[in-house]
Amino acid sequence: DLGYLSSIGKKILNLLYTKTAESCDLEAFRIEFLQLYDKAIDLETLEKLGDIIVFKEGKVGLTERAVTIKNIESILQDGRLTMAQLECDYEARHKRKIFSVDLGYPDLLSFVSSIQSLSIRGQGMKMTVGLQEYRDSPTISKHCKMRFTTGQGIKRFAMNSPSPETATMPP
């Protein structure tokens, strides 16, 4: 069951990551998923994957963190930027700020450091952020693995990404 959920979760993320809108109609998504993967997806499965996707009011979409990562990656397609430039470009393109505190991070640097598909170079005002060169994105990378975790009585899915230095999976 966990292997099936892991496989389906990765396929759902892959499909949602290619969408331009942050969420889409549930029935349209189920039809597109069926056409793309020849598998029907039921509501119970979507509910079990609640930690990696948002499913409510007849819509399915990426979590706020995943949407923010997707937007940052699209901005960095043009090349490396300083942290200040990244914040300005994000606000200009998406008409909102990067709310790293709402995503559970104390500041933008902590949030950007947690994104496996980005690399940070330099220090202070000269610190730049850019895309890693060895993969496209953490949500669609072939190197990423879905895993089921239990901690403090909570069961959830999480994604592991290989470290850029060794290209091996963390424990």
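Trainee: How many helices and strands are there in the protein, and what makes a run of residues count as one or the other?

Mentor: The protein has six helices and eight strands. Both are DSSP runs, numbered from the N terminus: a helix is H or I over at least four residues, and a strand is E over at least two. Along the sequence the pattern reads α-β-α-α-β-β-α-β-α-α-β-β-β-β. This is a predicted model, in which local features need pLDDT of at least 70 and side-chain atom pairs count only at pLDDT 80 or more, while totals for chains, interfaces and linings use all residues. Residues are numbered from 1 along each chain as its sequence is written, and side-chain values use heavy atoms, with hydrogens and water left out.

Trainee: Why are α1 and α2 called roughly perpendicular?

Mentor: Helix α1 covers residues 2–17 and helix α2 residues 26–37, and they pack at an angle of about 110° with their axes 11 Å apart. The axes are lines fitted to C-alpha atoms, for helices over the stretch in contact, and angles between N-to-C directions run from 0 to 180 degrees. Under 35 degrees counts as roughly parallel, over 145 as roughly antiparallel, 65 to 115 as roughly perpendicular, and the rest as oblique. The angle of about 110° therefore makes α1 and α2 roughly perpendicular.

Trainee: Is the crossing of α1 and α2 left-handed or right-handed, and what makes it one or the other?

Mentor: α1 passes α2 in a right-handed crossing. The near helix is turned from the far one by less than a right angle, anticlockwise for left-handed and clockwise for right-handed.

Trainee: Which residues make that contact, and what classes do they fall into?

Mentor: α1 brings I8, K11, I12, N14, L15 and L16, and α2 brings F29, E32, F33, L36 and Y37. Contact means heavy atoms within 4.5 Å. By class, the contact has eight nonpolar, one polar and two charged residues. Nonpolar covers Ala, Val, Leu, Ile, Met, Phe, Trp, Tyr, Cys and Pro; charged covers Asp, Glu, Lys and Arg; the others, Gly among them, are polar.

Trainee: What is the arrangement of α4 and α5?

Mentor: The axes of α4 (residues 64–75) and α5 (residues 83–94) come within 10 Å and cross at roughly 105°. That value falls in the perpendicular range, so α4 and α5 are roughly perpendicular to each other. T68, N71, I72, S74 and I75 of α4 meet L86, D89, Y90, R93 and H94 of α5. The residues of this contact divide into four nonpolar, four polar and two charged.

Trainee: What makes G130 buried?

Mentor: Buried means under 20% relative accessible area, exposed means over 50%, and partly exposed lies in between, with a 1.4 Å probe and protein chains only. G130 has a relative accessible area of 0%, so it is buried. G130 sits in strand β6, residues 128–131. Setting aside neighbours within four places in sequence, G130 is in contact with L76, R80, S117, L118 and S119.

Trainee: Is C24 buried or exposed, and where is it?

Mentor: C24 has a value of 14%, so it is buried. Its place is in strand β1, residues 23–25. C24 and G61 are 37 residues apart along the chain, and their C-alpha atoms are separated by 6.3 Å. Beyond neighbours within four places in sequence, the contacts of C24 are L16, K19, F29, G58, K59 and V60.

Trainee: How do you know whether D38 is buried or exposed?

Mentor: The relative accessibility of D38 is 67%, so D38 counts as exposed. D38 lies in the loop between α2 and α3 (43–48).

Trainee: What is the phi of D38?

Mentor: It is near 55°, a positive value in a residue other than glycine. Most residues other than glycine have a negative phi. E57 also has a positive phi, about 50°, and is not a glycine. E57 is in the loop between β2 (53–56) and β3, and at 78% relative accessible area E57 is exposed.

Trainee: Is K126 buried or exposed?

Mentor: K126 has a relative accessible area of 71%, so it is exposed. The residue lies in the loop between β5 (118–121) and β6.

Trainee: How many residues are there in the protein, and what share is buried?

Mentor: Buried residues make up 39% of the 171 residues.
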